[in-house]
Amino acid sequence: MLGGIEAGGTKINCALGSSPDQILASKAFATTDPADTFQQVCTFFDTAQASHGRIAAIGVAAFGPVDTDPGSPSYGTVLRTPKQGWSGASWVDALRRFRCPVVVDSDVNGAALAEWQRGAGKDLRTLAYVTVGTGIGAGILQNGRSLFGTGHYEMGHIYPPHDYESDPFPGRCPFHKDCLEGLASGPAIIDRWGLNLSEMPSGHAAFALQASYLAHLAATITLTHMPDRLIFGGSVMKAPGLHERLRVATRMLLAGYLSAGPATGDLADYIVPPALGDLAGITGALAMAEAHVGDAHTRRLN
Ligand code: ZN
């Protein structure tokens, strides 16, 4: 059996499956403090294991920042975060009692892996996955392996140009204020307009503004990684028409500079929603586990 945890900033999804797309038991609950959250996670796996069989590996697709360096003594530990109580909390320690490999990667890298194996990025050489929800994150896979430097990428915190005249909202990132996440995450949209994007009429100015901010990330990823495809998922991307607007805004920024390759034309096959929809995250966590069944030690995807 495989264990999967999709740990988001507001919600934790746990699943037990015989394979990434054969989920036999699952449960979702709110992300609270680590002690309570870890206890709920362990209770779920205890019960699921008793009904379906022993867990051979657990994959954690976790909100960041989290230590994903397999050589690090603090592998699987949440790094400095404004999220109350979570700095220093360790997924590996919390799950040690299951006595199986525990693989920890960022939530976006997990979702990207699921989409690469069985969704909108099937077998592509370079796949980028962006999530726009409580936070904004991006991951890049090359031949199914997540790229990283000294840590997982933090592309949600780039600074798009911010015109205070047309958008007086100061931003809400506790570190940078008006970085991309501070300006265009789900909570930023609610702070600015009082509503979710999907609750606003399609002609609302919020759509154009949102698309223009996100286009800076799309163009940056395009120019720095030249991926075959860019998947944009997460709760904010469910707003009808946002992908279309994002394609138009990204084309404007690229300004015809690229003359060949997938990031040309109308971008309809380039900037796409996740084919697995809401299942991308948990499927990715289970796929991470599957890749590490039989491992002696906890390791990352690579
Ligand atoms: Zn920031």
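**Note on the predicted chain**

1. The accessible surface of the chain comes to about 13000 Å², and 52% of that area belongs to carbon and sulfur atoms. Please keep in mind while reading that this is a predicted model.

2. As for burial, 53% of the 302 residues of the chain count as buried.

3. The secondary structure of the chain comes to eight helices and 10 strands. The chain is as compact as a globular protein of its length, because its radius of gyration of 19 Å is close to the 19 Å that the globule rule gives for 302 residues.

4. When contacts in the chain between residues at least 6 apart in sequence are considered, 63% of them join residues at least 24 apart.

5. On charge, the chain carries 22 positive and 27 negative side chains, and the centres of these two sets lie 4 Å apart.

6. A disulfide is a covalent bond between the sulfur atoms of two cysteines, and a search of the whole structure finds zero disulfides. For Cys42 the reason can be followed in distances: the closest cysteine sulfur, in Cys14, is 8.9 Å from the sulfur of Cys42, which is too far for a bond, since a disulfide is counted when the two sulfur atoms are within 2.5 Å.

Technical notes:
Residues are numbered from 1 along each chain as its sequence is written. This is a predicted model: local features need pLDDT of at least 70, side-chain atom pairs count only at pLDDT 80 or more; totals for chains, interfaces and linings use all residues. Side-chain values use heavy atoms; hydrogens and water are left out. Helices (H or I, at least four residues) and strands (E, at least two) are DSSP runs, numbered from the N terminus. The radius of gyration is taken over C-alpha atoms; the globule rule is 2.2 Å times the number of residues to the power 0.38. Buried means under 20% relative accessible area, exposed over 50%, partly exposed in between (1.4 Å probe, protein chains only). Contact means heavy atoms within 4.5 Å. Accessible areas come from the Shrake-Rupley method with a 1.4 Å probe; for residues, only the protein chains shown count as cover. Lys and Arg count as positive and Asp and Glu as negative; His and the chain ends are not counted. The place of a charge is taken as NZ of Lys, CZ of Arg, CG of Asp or CD of Glu.
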